[in-house]
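Trainee: Could we go through this model together, one question at a time? I would like each answer to end on the name or value I asked for.

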Amino acid sequence: MTVTAEPRRPDDATLADELADTRSVYIHIPFCRRRCPYCDFAVVAAGESRISHRTYVDAVLQDMRSEAPWFAISAINFGGGTPSAVEPGLIAELIRRVRDIADVTTGAEISLEANPEDWTEEFGEALRGAGVNRITFGVQSLDPTILGSLGRTHDATAAIQAISGARHLGFSVGADLIFGTPAESLQSWRATAETTLSAGIDHLSAYGLTVERGTALSREVAAGGPAPDQDDQADKYELTQLLAAQAGLVQYEVSNYARPGHHCIYNLSTWAQGEYLGFGVGAHGHRDAMRYRNVRRIEKYVELVTDGKRPWAGTERSEHHDYRIERLFLGLRRMAGVAVDETVVRFLATSDGQRYLGAGLVEVINERLVVTTPLLTDTVARSVLSLSPDDC
Ligand code: SF4
């Protein structure tokens, strides 16, 4: 008799901890058709640079050659930007190069972010052929007015067709949504979340719209335009939790939900401070207790790599104190929380820690510290970040 193991729940504490030893690769594809008004990522909108997709990918391939061999890669993640804006053949070349420089484990997660308007069956088949097994669509909303405010060029039909087409081809399928855009009603958000969930996604990332410095949205808000409302976002956050649970998705981080067996290995690994190599403009990496971030300008990136240099804008050694604070900060965002250690004990002894314990906002369950109300995680996180080396 064959015994089939149950897929693991994404909020499993053992899973959260064991992925600290997982290694990943992140590849940033910066190209976008246009710049969305709320976005502060390292992106290149059409017409902003003369660097072609081919030239950029060649630079990334060359950058990978400078990396010392690595082993046991469990996840390769293409983020952006818009990875689906480039030819699948280029994605395939990048995956092959990762396999040349590192030992990629059998069954590794190979994921790619895509915009719904880029989806076609041929595109999906080419990605499957390249080894991609997980795809996340930037759906954001299904309401045409809200999509317009967010500067998105797809519509609800394209988003649902993309999800269904990717499921049909056997991908693990995720959707990214944004709630709390000014002018979005609760009914509009409910319709977006319900319809997206009932399209059969395996993973959901739902974030409240934030106003990032330097974006078109921040200039509009500064000029008196409508800003996202915190109470409205709190209502939508709680509605999302309810709808995701009804659809069978388990919340495993403040903003992330998955069906058992469909958690994002790359995310869980980075939240557990696992090591990862980052390639491409604006990418970050963490290897051998050293963290680095790449330059954000595509011309500079290509120039540095072509000259045989690493495209780093900065590097830092992981200091003991910062590392412990980060472990607590990232760990508390997971539903699995963090195992109680010296830092946790000291945090709980601070006046903030005592207050949160007294109010039931944090609890120690099975020797792990967890935030009981995920909506209030940022409040706890701010206290964690203000801990001094003497505190921990
Ligand atoms: S498509 Fe995504 S990455 Fe590109 S500008 Fe819009 S939000 Fe930013």
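Trainee: Which residues touch the most other members of the largest nonpolar core?

Mentor: This is a predicted model, in which local features need pLDDT of at least 70 and side-chain atom pairs count only at pLDDT 80 or more, while totals for chains, interfaces and linings use all residues. Residues are numbered from 1 along each chain as its sequence is written. A nonpolar core here is a set of buried Ala, Val, Leu, Ile, Met, Phe, Trp, Tyr and Cys residues joined through C-beta atoms within 7 Å, and a residue is buried if 20 or more other C-beta atoms, placed from the backbone, lie within 10 Å of its own, exposed if 12 or fewer, and partly exposed in between. Of the 86 residues in the largest such core, those that touch the most other members are I163 and L204.

Trainee: Which element gives this core its largest share?

Mentor: Elements are DSSP runs numbered from the N terminus, with helices (H or I) of at least four residues and strands (E) of at least two. The largest share of the core amounts to six residues, and the element that supplies them is β5.

Trainee: Which residues does I163 touch, leaving out those up to four places away in sequence?

Mentor: Contact means that the C-beta atoms of two residues, placed from the backbone, lie within 7 Å. With residues up to four places away in sequence left out, I163 touches F137, V173, A175, A199, G200 and I201.

Trainee: Why is strand β6 described as largely enclosed?

Mentor: In a regular strand the side chains alternate between the two faces of the sheet. In β6, R134, T136, G138 and Q140 lie on one side and I135, F137 and V139 on the other, and both faces are covered. Strand β6 (residues 134-140) is largely enclosed by the rest of the structure because its buried residues number seven of the seven.

Trainee: How many bridges join β6 to β7?

Mentor: Two strands pair if DSSP finds at least two bridges between them. β5 (residues 102-114) runs parallel to β6 and is joined to it by four bridges, with E113 as the bridge partner of T136. β7 also runs parallel to β6, and G138 stands opposite D176 there; the number of bridges that join β6 to β7 is six.

Trainee: How do the residues around the ligand divide by type?

Mentor: The shell consists of C32, R35, C36, C39, F41, V43, G80, G81, T82 and G138, where a residue counts as near if its C-beta atom, placed from the backbone, lies within 6 Å of the molecule. Ala, Val, Leu, Ile, Met, Phe, Trp, Tyr, Cys and Pro count as nonpolar, Asp, Glu, Lys and Arg as charged, and the others, Gly among them, as polar. On that basis the shell divides into five nonpolar, four polar and one charged.

Trainee: What is omega at the cis peptide bond between G80 and G81?

Mentor: G81 is placed in the loop between β4 (70-80) and α3 (88-101), and G80 and G81 both belong to the shell around the ligand. The cis peptide bond joins these two residues, with an omega of about 15°.

Trainee: Is P83 buried or exposed?

Mentor: P83 lies in the loop between β4 and α3, and its contacts beyond four places in sequence include I29, F78 and L112. Because 29 other C-beta atoms lie within 10 Å, P83 is buried.

Trainee: What is phi of E367?

Mentor: E367 lies in the loop between β16 (362-365) and β17 (368-371), two strands that pair in the antiparallel sense over four bridges. E367 is exposed, with 11 other C-beta atoms within 10 Å. Its phi is a positive value in a residue other than glycine, near 60°.

Trainee: How far apart are the C-alpha centres of domain 1 and domain 2?

Mentor: The domain assignment, which is an automatic or database one, gives domain 1 (13-271) and domain 2 (320-385). Contacts link 11 residues of domain 1 with 10 residues of domain 2, and α1 (13-18), α9 (230-246) and β9 (250-253) each supply at least two residues of the side of domain 1 that touches domain 2. The C-alpha centres of the two domains lie apart by 28 Å.
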